[in-house]
Amino acid sequence: MKKLAAILVSLLLVVSLAACGSANAANDTKPANNDTPAADTNTNTDNNTATTGGLGFVERTKNPYEDEMKFAWVPTRASEANATAWGNGIREELSYWSNTTLNVFDPEGDAEQEAKIISDLVAQGYDGIFLQTINPDVLSASVREAEEAGIPVVCINMGTTEPHAALVSMTDFEAGQVIARRIGDALGGEGKIVIIEATVGAARGVKLQDGFMSVLQSEYPNIEVLDSQPADWNMEKAQNLMNDYLTKYGDEIDAVFAHNDQMAEGAGMAVQNAGKSGDIIIWGANGETKALEYIEQGIITGTVYTNCKEQGKTAARIMMLYLNSNIDTSTFTKTPVTKMPPITVDASNVSSITPDMRW
Amino acid sequence: MSEKNELLFEMKNIEKIFAHVHALDHVNFDVRKGEVHALLGENGAGKSTLIKILTGVYSKDGGQIFMDGKEIEINSREDAAEAGIAVIFQELSLVPTLSVYQNILLGKETSKFGFISDASEKKQIQELIDRYGFPVKATDIVETLSVAQKQMVEILKALATEAKLIIMDEPTASLSSRESELLYKIINQLRDRGVSIIYISHRLEEVFNLSDRITILRDGKNAGVIEKENIVPSEVVKMMIGKEISESTASRALHTSDAETELEVKNLTHLGYYYDVSFQVKKGEVLVLTGLVGSGRTEVVRSIYGADPFDKGEIIFEGKPIKPTIKKSVANGFGLIPEDRRTQGFSPLLTVTGNVALTSYDKIAKGGFVNKKDEDALGRKAVELTDLRPANPNVQVGNLSGGNQQKAVLGKWLTRDLKVVLIDEPTVGIDIGAKDEIYNIIEDLASKGVAVLMVSSDIAEVLRVAHRIIVMREGRIIKEFNNGVATQEDILLASSGFVNETKEAA
Amino acid sequence: MKQMRQETLRRIISLVLLIVLTVVFTLTTDTFLSWDNITSMLREAAFIGLIAIGVTTCIITGGNNLSGGLAVGMCCMIFAHLYHYTAMSLIAIVLLSLLGGLLSGLFNGFVVAILQVPDFVATLSTGMIFQGITYVLAVRNQYGSITSEMIKNPTMAALGGRLPNGIYYVTIVWLILTVVMQIFLKKTKMGTYIYAMGANRKSAEYSGISFIKVKMVAFTIAGFMSFVAAMFTLGRNGTCDVNTGTALNLQAISAAVIGGAAFSGGRGDMIGTLIGVLFMQVLRNGVLKFNMTTAQQSIISGTIIVLMLVFDAYYNEFMQKRTTRAAALAREKENAGK
Amino acid sequence: MSNSVKNNPVVKAILGSSRILVLLILAVFFTIATKGTFFSYKNLVNILYSVSLIGIMICGACFAVLLGGIDRTVSGNAALSGAIVAMTILNKGVGGSNVALAIFLGLGAGVLSGLIHGLILSRFNIPAFLLTLATNEVLYGFVQLVTSNTLIYVNGCTLMDYIGQVRWLGIPIPVYIMLACILFAYIILNHTVYGRQVYSVGGNRQSSELSGVPARKVILIAYIISGFMGALAGFVLSSMNQQASAGQAKNYENNVLAAIVVGGVSMRGGSGSIQNAILGAFLIGVIENGMNLMGVPSIYKDMAKGIIIIVAVAMDMANQPGTPLNNLKRRLSKKAA
């Protein structure tokens with residue numbers, strides 16, 4: 001019995017030591033494979049498993065423009081506005097061909113669930129999958145499964161670590177960098193900011209944050225990040241968090257960076273209610289309609305706009321291209337990426353985003 | 001016979017003090033081998049404290065306990081079990097979702113590497129069951145058994161531990177007469193096999209029939225020990241309560257009232273439960289439906305109240321036929337004291353006031369808002385009317401004793417203007433003093449012109465309060481006693497189906 | 001006349017509905033009963049099923065476990081953390097993850113049995129704590145942001161694999177554990193004690209069974225199941241993120257209750273839960289097959305569960321009425337015969 | 001401590017409920033740790049504001065829990081009502097009568113949803129946990145149908161702007177709405193016949209029915225109130241956000257339930273109070289706010305929340321005789337004496 005206790009205690013010690021190690025995680029992490037920000041979507045490609053030989057070819061029996069084709073769109077959350085905008089883009093593009101159907105599946109923000117849906121779709125013999133991955137690593141195995149079954153997976157915004165047919169991406173890392181520069185310049189290189197983060201561990205949030213911090217650390221050493229807390233992509237939570245920031249730091253806050261527009265809007269409202277509209281710079285990302293209106297009204301400062309509908313259409317076109325070719329996308333060793341142009345929007349150019357471009 | 005008189009168990013000068021009050025004051029108690037020894041006393045006399053000491057729930061503050069002549073200490077249930085003492089609880093303590101044999105062996109399974117030796121256990125228990133001829137199977141799931149069968153499982157559980165002393169606390173409280181008979185047989189069987197039994201019951205008659213000796217406690221002290229041959233019921237009761245009950249309970253003079261008919265039932269039938277039941281209850285009359293448990297009495301009453309449906313027949317209230325629902329019944333001035341007060345009678349988490357007021361919000365609320373003053377007054381009134389103790393209407397009913405819980409249930413209706421009151425087995429598990437008070441309340445109601453329809457299996461009780469008596473058997477009215485004198489014997493015979501042998505009450 | 005037990009009834013109903021759904025989906029879609037789809041369904045079912053085994057055990061003791069899924073995330077993250085930051089051997093890492101799973105169970109048991117916090121609140125709170133530990137252990141990049149860590153270990157990757165006939169290892173392990181747990185519950189002392197504690201705690205304690213021990217065992221079993229699910233999650237995905245496992249719990253609880261477990265305790269078993277898990281999986285998978293919007297999918301699958309619950313309750317009530325009625329009539333007959 | 005102090009009702013309440021005690025300790029701790037910021041008027045208003053939505057939902061869900069049920073659909077009702085209000089205003093315009101229609105439809109949807117749940121749960125013996133889990137999914141399905149998964153913006157609606165932005169005495173309107181709901185629930189539960197019946201049916205349905213309490217109606221009304229409160233919270237949420245989305249309020253039911261249970265309302269029904277349930281919400285709200293002010297890294301927040309809840313509830317349980325902790329406590333005090 002004593003022996004058992006001793007073993008338990010020593011095991012506990014090991015665990016706790018290991019846990020202490022994580023505090024210094026930032027220092028002893030392996031450096032990223034590649035310094036170019038674009039690489040974040042396809043890191044680790046050099047040591048992936050599908051490297052045998054070169055590009056493969058496959059005989060496709062179906063004509064995607066004539067035979068009955070079944071496509072699936074699996075966003076992170078079907079209930080999110082940009083997911084709908086992407087979906088509408090895909091649907092609009094595909095609807096030119098009456099032989100196609102598009103079904104939407106909702107993993108409700110859960111990566112495991114998303115992986116299961118992909119497996120289900122493979123088993124059900126879909127012809128192509130449009131996917132916004134929740135986590136690039138968690139989804140890798142399932143996407144591999146689909147690719148090996150001959151189903152091209154075209155990802156939107158976020159791909160997987162394993163290579164797949166294509167990625168049509170917003171810019172995340174760069175968007176973070178751009179926002180950091182805009183804030184940094186507006187503050188003249190000096191000031192204090194707070195950050196409203198995405199849900200802990202959400203991949204897009206991580207990339208935005210990384211891009212933002214990389215510029216801040218290297219180019220604006222005099223800008224201090226007072227606080228950085230998550231508000232789970234959620235407007236009400238962001239509003240409450242911003243209230244707490246305002247209570248705690250009061251007039252110290254010069255600028256706010258929120259990982260998406262919803263949270264930026266929440267922060268904007270909190271600032272407005274505190275009677276400080278215009279005193280604090282607020283940036284979001286995505287470029288949804290409400291954010292653009294708030295920019296017009298001066299409630300928030302700016303955002304990085306992406307034309308989501310166009311992004312969806314692009315993905316659909318790429319899908320049709322592959323299905324009409326004999327390229328075996330499962331033999332790719334690197335995911336081909338096409339990026340949507342990020343448009344940095346503030347009060348000066350918000351009117352250039354015309355109503356038909358808004359989503 | 002000398003062997004029979006050998007002492008198995010002895011408690012000497014047992015003391016127990018709760019907050020400076022002597023709950024047990026130098027109490028002596030012993031049990032012989034192969035003896036049924038009844039422990040009598042009103043609630044609060046110290047019976048349950050004594051039992052709790054000898055089963056290790058409480059520890060004694062003084063005195064000695066001997067088993068087979070050796071002094072033992074009982075500080076826990078395990079100690080008690082080791083000493084060979086087992087308890088059959090009033091509230092059954094079986095695990096409903098397990099089988100009979102699993103229950104009997106719970107905590108004592110023989111096992112190899114944690115795996116139960118199932119087959120041998122089943123066999124072993126089935127043998128035990130067969131030895132006593134109980135009508136259960138080892139593999140039956142307990143929740144599918146009847147109350148009586150469950151009790152047998154409890155007894156088997158005690159026997160399986162080779163208990164020398166079995167304590168039965170109100171074992172017949174929820175059994176029908178037939179089932180009780182079976183239990184008596186089992187008790188006699190156990191006695192013959194040398195098992196000693198401590199028997200606790202409020203049903204004095206069965207106590208007198210069963211026990212070899214009776215120990216009576218009063219106010220935490222010994223009030224007497226009586227051998228079987230010396231038992232005189234009135235003496236025993238006198239010892240228990242310290243005074244004699246005035247009315248004779250052996251027979252009752254009946255009479256039909258010529259007051260107005262308040263409630264009439266014509267050919268009421270609920271297929272499978274009761275058939276062609278017809279009777280009238282007059283204002284100020286106490287009509288008792290008696291018979292064995294399961295003879296359909298409760299079902300009739302529930303149908304009249306609107307709690308259960310019926311198939312055929314008519315219910316006429318104040319000359320008009322009614323289709324009862326509970327809501328209408330309450331509005332019409334009906335009241336129901338249900339059979340099982342724990343599950344049907346009261347809300348244990350609510351105070352006395354809360355329970356009492358439940359029926360009277362039409363009186364003490366305006367526009368849906370409760371008038372707190374009136375509500376409190378109502379609670380106090382109920383306490384007063386029923387002489388509820390403690391006389392505090394703000395106690396949770398779940399914390400009261402059985403008798404006082406029943407008084408709280410009565411209070412629900414006494415505070416209203418009643419026309420008809422339906423009372424179902426009002427004194428089950430209630431001590432004799434409280435019983436008397438409840439009878440007084442019933443008589444009081446009748447004297448105020450309320451029509452009382454009561455269901456009771458306790459013949460002494462029937463004879464104590466009835467103006468007229470109807471005996472039911474197997475869902476039908478088998479006998480009515482409207483006038484003259486009814487005796488225990490008459491009713492017993494009728495209930496058991498010997499109608500022709502009873503003399504026709506003229 | 002014996003009454004049919006409620007859980008037996010519910011099990012029969014869910015089994016019948018399972019068959020009905022299967023037939024409907026098979027007839028209306030062409031891919032439902034394909035071998036690929038069956039193996040894939042069984043694989044998904046296995047992950048929920050593993051958690052459901054633990055949840056069912058806890059529910060039988062009269063409790064609940066809302067932390068099982070979060071413990072999966074924690075076990076995964078212990079593994080990922082050690083794999084990333086230490087040079088330990090795989091065996092050591094797996095053992096430490098196992099320890100994490102078991103400790104999560106013991107901690108639950110401690111809070112429920114010794115601190116006497118009601119199961120619902122207790123496991124809600126411990127779930128938060130497990131989630132917190134997952135965050136703390138998460139692997140981070142050079143900016144200090146949480147990233148997920150690829151675990152490129154062939155042994156672990158093999159766990160995500162399948163037999164030549166297409167059945168996944170995780171399915172096999174789930175089925176084996178289901179059988180093992182069924183035997184454990186029905187044939188061992190501790191299994192009997194678990195039922196006894198749930199159905200009648202007082203009586204169980206009077207029989208000398210320790211509440212603390214039973215709760216500890218039940219939660220530790222749940223912790224172990226979380227560990228097993230964690231290893232297969234890692235095997236399947238080759239990685240984990242901080243939200244791994246968060247969605248598993250409610251599905252597992254639903255499956256257990258559909259399979260006949262009752263929150264009041266003492267009822268339910270692994271076979272029932274197996275049926276419940278399959279029912280949920282078939283429903284979810286089948287609904288995916290029709291060309292429906294996500295809104296329609298939610299509405300249909302939710303409504304089917306509601307209908308099943310209502311039918312189950314109605315049928316139960318009906319049967320109960322019928323049995324009491326039959327009993328009454330039988331009594332009548334018996335009396336008439338005399 | 002002198003007897004007069006001991007018998008003071010406020011002191012009694014604090015000593016009697018470990019939750020209030022924990023809340024006070026936390027408040028003092030956070031006040032010191034944040035150098036007084038925590039206790040500033042502004043911050044207290046922030047806390048009130050942050051629990052306002054949950055608070056409104058609790059005022060409904062509490063009825064279901066008191067009846068021994070559970071209502072997980074508060075979030076679905078909120079989302080549906082918010083979506084309907086926003087959609088109606090978007091389609092009809094922001095005129096007074098249109099807004100009234102929108103609110104009527106939104107709250108009506110909540111009442112209808114409550115009615116359906118009430119009808120099912122009062123009629124059938126179904127585990128409410130499972131039923132409302134499934135129906136919440138259905139409700140969110142309807143929200144997706146209404147919103148077509150897009151963000152629905154509400155622009156220029158005077159009433160909603162007022163609720164979302166105006167403050168009285170520096171306190172946002174949703175807080176007043178929450179207080180009104182609490183008052184409503186308090187009065188219903190403590191001063192009306194219906195409230196008495198809720199406790200009675202929650203404690204023992206059978207006995208209540210035999211006393212003439214229409215148990216089915218009581219349950220039905222409880223779920224209608226719950227549906228209404230959920231819908232009201234959804235309307236307030238849409239006003240605060242000036243928009244509605246298909247996923248709004250998702251998982252709020254977990255916070256609502258946690259608050260109710262942490263507040264000591266028994267899940268078996270029949271005991272607990274609205275005050276305590278709200279207290280539970282404040283306990284959780286204060287922990288979150290305090291940690292935000294202290295700048296506790298987010299990764300530790302969940303852990304801290306979990307531990308504090310366990311401590312608060314365990315302290316309460318330790319006051320009950322027979323539990324291991326209580327035995328320990330008694331043994332220790334015996335030793336000390």
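Author: Two strands count as paired if DSSP finds at least two bridges between them. Keep in mind that this is a predicted model. In chain B, six strands form an open sheet of mixed pairing, in the order 19-22-23-16-24-25.

Reader: What makes strand 19 and strand 22 of chain B a pair?

Author: The cut-off is at least two bridges, and four bridges join strand 19 to strand 22 (residues 420-424) of chain B. So by the rule of at least two bridges they pair, and they run parallel. One of the links: B:G335 has B:V421 as its bridge partner in strand 22 of chain B.

Reader: Why do strand 19 and strand 25 of chain B stand at the edges?

Author: Strand 19 (334-337) and strand 25 (476-481) of chain B each have a single partner strand, so one side of each has no neighbour in the sheet. On average, neighbouring strands of this sheet are turned by 20° against each other, direction ignored.

Reader: What lies across strand 16, strand 22 and strand 23 of chain B?

Author: That's helix 16 (residues 432-447) of chain B, which runs at about 145° to strand 23 of chain B.

Reader: Now the chains. How do you know which pair of chains has the most contacts?

Author: A contact needs C-beta atoms within 7 Å. Among the five pairs of chains that touch, chains A and C have the most contacts, with 43 residues of chain A in contact with 46 residues of chain C. Helix 4 of chain A gives the most to chain A's side, with eight residues.

Conventions
Residues numbered from 1 in each chain as written. Chains lettered and ligands numbered in written order. Predicted model: local features only at pLDDT ≥ 70, side-chain atom pairs only at ≥ 80, totals over all residues. Contact = placed C-beta atoms within 7 Å. Axes fitted to C-alpha atoms, helices over the stretch in contact; angles between N-to-C directions.
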